[in-house]
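Please keep the sequence and the 3D view at hand while reading.

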There are 2 protein chains.
Amino acid sequence: MSARILDGATLAATLREELRPRVAAFTARTGRPPGLGIILVGTHPPSEIYVRNKLKAASDIGCRADLLRLPDTASREQVVNAVRKLNESPAHDGILVQDPLPSQIGGSQAVFDVIDAAKDVDGFTPVSAGLLVQNRAVLAPCTPSGVIALLERSGIDIAGRHAVVIGRSDIVGKPMALLLLHRHATVTICHSKTADLPAITRQGDIVVAAVGRTAFVRPEYVKPGTTVIDVGINRVTDRSEVEALFPERSPRRADFEKRGAMVVGDVHPDVAEVAGALTPVPGGVGPLTIALLLRNTVTAAEHREP
Amino acid sequence: MSARILDGATLAATLREELRPRVAAFTARTGRPPGLGIILVGTHPPSEIYVRNKLKAASDIGCRADLLRLPDTASREQVVNAVRKLNESPAHDGILVQDPLPSQIGGSQAVFDVIDAAKDVDGFTPVSAGLLVQNRAVLAPCTPSGVIALLERSGIDIAGRHAVVIGRSDIVGKPMALLLLHRHATVTICHSKTADLPAITRQGDIVVAAVGRTAFVRPEYVKPGTTVIDVGINRVTDRSEVEALFPERSPRRADFEKRGAMVVGDVHPDVAEVAGALTPVPGGVGPLTIALLLRNTVTAAEHREP
């Protein structure tokens, strides 16, 4: 392996520690801790884990963290009412509606739209998205903000570099491109309709993979020395897929043998031989997403009670 | 000249004609025409001309068009109050605050922010910008929307092509990039910090120049056959500059001799020898901006009274 490993888990721990004094100061000043309210509809198992991790991380740094549960059968109106309740709650500075929602809700965005922009710690409302485009976001989406924090704290230059973002989702791809652009990168956004994708991605000094396809970015997609950020979190249960990706003595493979499943990013393991720096999966961008959610919650609290 | 000339003036006339039946139907149905209110602060001469052209164009297709004038010395509060008045007016579906504003206002965006998003025919509010990012804009900014109309009506493919946008303003560069992305182009955004700009722009199947610098895009910036969209409107009064740009017998030069000034785009005239298609300045993107302002006004009216 030649690539420098960008350790997101360690940075996430640092960022969480940096929030403690802000949480303590806010609590001392206002007589209450910053508050995060999470709405969880149904019992989707991965969502249960994500929500538990978010609540625990918030509690750990001294925030209030509340879970509002709704049944699998909840109507859109019920979910919207739960959002309204948190909008009106003085104790809650941040609101998160855990995606995905059951199909009868008719799409998550209609629910996100109801969130008070001042409490929009995921950055998914139109107002948050618009302020981000206009380079004056207070609460930017957590995953791309985590990537920026990782690049900056790792001493990787952004200004004047060519950043290539693969993926154009509202949650990662587009806000990622905007955050890089505002830090003076030249930015290219690629997607499923891009012609000769490897020729485009090979231009990147920074390549961000956010496609949601296991090991999609192969060594030939990457110029030697490039910084590669892997946003993908793909669960793999097929042994032949694991065997194709990892050599026989790899600890990742041993891990798979033990659990019968593993998480693989959007970047092929062999990219480590070409890239200059690389985020691992797990332990790269993933932990930063939660750290940035906490930072947004504290920031929202500070803005609500300045 | 080899490039096909993309005639924005003719398309603008067509688009305006297409609005007439919509204006007539709206007026018949609601008993009032779609209404545009423009706020003009001070007496900046180019703004006087722009505003007059916009009001006349709106009247010509049967819209109501009102001008609210404020003195050069108006405070931000006075301008904001004028916006609020139009926000509350049932007769006005579109509100435009003519940029630039006098310095004591402290920036145009603080005024734009007050505009009711449902009447935001310039597409400059955070909500409009956010809905645009999320690919569900009702009212997108006029100049980039005009460029899309010109490409589509000229039969120039966008999906799967590489579009390079030079400039990253909130008003043109960024919304242009998003509109092209949502039509499935691979999009690169360049700017003053871009390294080796010609190498980047030469990749574009479509190049949009929105830098505000006279004749900035030279032939070596452009791959043969590329579609070049010139958003620049630069007033040139220096004879030596004109002589350097246009050959001795050029009608543009004769025009300059007559008026003592001329308008030149961001694209060098010699690019016409390389490009496959090119918008002229004047008569390219400029007239489309007003046509799209009218379309946004009619659309806003239809959405307000469905």
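Predicted model: local features only at pLDDT ≥ 70, side-chain atom pairs only at ≥ 80, totals over all residues.

β8(B) pairs with strand β7 (residues 206-209) of chain B through four bridges, and the two run parallel. Within that pairing, B:V228 in β8(B) stands opposite B:V207. β8(B) also pairs in the parallel sense with strand β11 (residues 277-278) of chain B, here over two bridges. The bridge partner of B:T227 in β11(B) is B:A277.

## A three-stranded sheet in chain A

Chain A holds an open sheet of three strands in the order β3-β2-β4, with parallel pairing. Its edge strands are β3 (64-70) and β4 (94-97) of chain A, each of which pairs on one side only. On average, neighbouring strands of this sheet are turned by 15° against each other, direction ignored.

Strand β2 (residues 35-41) of chain A is joined to β3(A) by seven bridges in the parallel sense. A:I38 has A:L67 in β3(A) as its bridge partner. Helix α2 (residues 45-60) of chain A packs on the sheet and touches β2, β3 and β4 of chain A. The direction of α2(A) makes about 170° with that of β2(A).

## A three-stranded sheet in chain B

In chain B, three strands form an open sheet in the order β3-β2-β4, and the pairing is parallel. β3 (64-70) and β4 (94-97) of chain B are the edge strands, each pairing on one side only. From one strand to the next, the twist averages 15°.

Strand β2 (residues 35-41) of chain B and β4(B) pair in the parallel sense over four bridges, and B:I38 stands opposite B:L96 in β4(B). Helix α3 (residues 76-88) of chain B packs on this sheet, where it touches β2, β3 and β4 of chain B. Its direction makes about 175° with that of β2(B).

## Helix α7 of chain B

Is helix α7 (residues 173-182) of chain B enclosed by the rest of the structure, or open to the outside? Ten of its ten residues are buried, so the helix is largely enclosed by the rest of the structure. Among the buried residues are B:G173 and B:K174 toward one end, and B:L181 and B:H182 toward the other. α7(B) is followed by B:H184, which has a positive phi, near 75°.

## Helices α6 and α7 of chain A

The axes of helix α6 (residues 142-153) and helix α7 (residues 173-182) of chain A come within 8 Å and cross at roughly 35°. The crossing of α6(A) and α7(A) is right-handed.

On the α6(A) side, A:P144, A:S145, A:V147 and A:I148 meet A:P175, A:M176 and A:L179 in α7(A). Sorted by class, this contact has six nonpolar residues, one polar residue and no charged residues.

## How the two chains are related

Chain B can be laid on chain A by a turn of 180° and a shift of 0.0 Å along the axis, with an RMSD of 0.0 Å. That is the relation of a two-fold axis. The same surface serves both copies, since 100% of the contact residues of chain B recur in chain A.

Definitions and conventions: Residues numbered from 1 in each chain as written. Chains lettered and ligands numbered in written order. Buried ≥ 20, exposed ≤ 12 C-beta atoms within 10 Å, placed from the backbone. Pairing = 2+ DSSP bridges. Axes fitted to C-alpha atoms, helices over the stretch in contact; angles between N-to-C directions. Contact = placed C-beta atoms within 7 Å. Least-squares fit on C-alpha atoms with pLDDT ≥ 70 in both. Left-handed = near helix turned anticlockwise from the far one by under 90°. Nonpolar A, V, L, I, M, F, W, Y, C, P; charged D, E, K, R; others polar.
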